[in-house]
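Good morning, and thank you for joining.

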Amino acid sequence: MAELFKAALVEKAAELSEEALRLINQQALRDLKAEEVFTFRLAACNDQVDRDDERFTEEALQGFAELFPGRPVLMDHRWSATVQTARVYAAAVEDKPGGGRQLVLSCYMPRMDKTEDTIAAIETGILRECSVGVAVERVICSICGKDQRREWCEHIPGREYDGARCVFLLDGAAEAYEVSLVAVPTQPEAGVIKAKRYGGPEGPAEDPQPGKGPGADSQAWQDEALLELEKTRFV
Ligand SMILES: [Zn+2]
C-alpha cells in the first residue's frame with residue numbers, strides 16, 4: 001500500500017503529567033522517571049486542504065489516532081536503530097488553531113548523551129518540521145466520488161469544474177508507519193508529490209491531459225513513484 005508523507009510541525013514541549021508518564025512506561029522496557037524523558041508534541045496532519053489539494057477526513061484522523069501510539073519517530077524517514085530518536089506514546093484529534101481539526105502526536109525520547117543534540121535542536125526550534133508516513137484506504141475525488149485507488153477519473157486536484165474545486169479526500173486510516181523529524185523538509189516532500197497520484201491498479205485508461213499534472217503520466221510514472229518512495233523510506 002502506498003505510503004503518503006505529509007508535512008507537519010513540532011509543537012512546544014508537552015508538560016509531563018502522571019498519566020503521560022504512565023503511557024510512556026507502556027512503551028518502555030523499564031519504568032522511566034519524568035526527569036529521564038524529553039517529550040514533545042507533533043501537529044502531524046489535519047483536515048484542511050493542503051498544497052497538493054488533498055485533505056484527510058475526520059474519520060481518517062481518528063483512525064490514525066488509534067494507530068499511532070507505539071510508532072517510532074524517525075529522522076528523515078530512515079528505519080535504523082541508530083537514527084530512531086523517539087516514540088509516539090499518545091495521539092488525539094484536537095481542534096486546530098485557526099479552524100479545523102488536527103491529529104496531535106505526543107512523543108517521548110530518553111534524555112541521554114546520544115539524544116542531547118536532537119533535544120537541543122527541538123527545544124531551540126532548529127528541528128521543527130516533520131512528515132508523517134501513513135496509508136489510507138480510499139482517495140475520493142470530490143467532483144465525481146471515484147476512489148482513485150480503484151478507478152481512474154479525469155479530474156485533477158486544484159482545478160475547477162463548473163465552479164467547484166477538485167479536492168482529493170484521503171479517507172480511512174489503513175496504516176500509520178512512522179513520523180519523521182526532517183532536517184531537509186523538501187526532500188521527503190518531493191517524494192510525496194510523485195507518490196501521491198494514485199490511479200487504479202491499471203493506471204489511466206487514456207491520457208486525459210498530456211503533460212498537465214502528475215495524473216497525465218502512465219504506468220512508468222507509478223513505477224518511478226514507488227521507487228522514489230522506497231528511496232525515501234529506506235535510504
Ligand atoms: Zn473525479
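In the protein chain, 70% of the contacts with a separation of 6 or more are between residues 24 or more positions apart; two residues are in contact if their C-beta atoms, placed from the backbone, lie within 7 Å. This is a predicted model, in which local features need pLDDT of at least 70, side-chain atom pairs count only at pLDDT 80 or more, and totals for chains, interfaces and linings use all residues. Residues are numbered from 1 along each chain as its sequence is written.

The protein chain has five helices and ten strands, taken as DSSP runs (H or I, at least four residues; E, at least two) numbered from the N terminus. Of its 235 residues, 35% count as buried, meaning 20 or more other C-beta atoms within 10 Å of the residue's own, against 12 or fewer for exposed and in between for partly exposed.

Turning to H2, its buried residues are Ala-60, Leu-61, Gly-63, Phe-64 and Ala-65. They pack against several strands, including E5 (86-95) and E10 (168-181).

Leu-67 also lies in H2 (residues 58-67). Why is Leu-67 partly exposed? Because 17 other C-beta atoms lie within 10 Å. Beyond its neighbours within four places in sequence, Leu-67 is in contact with Ala-173, Glu-175 and Ala-176.
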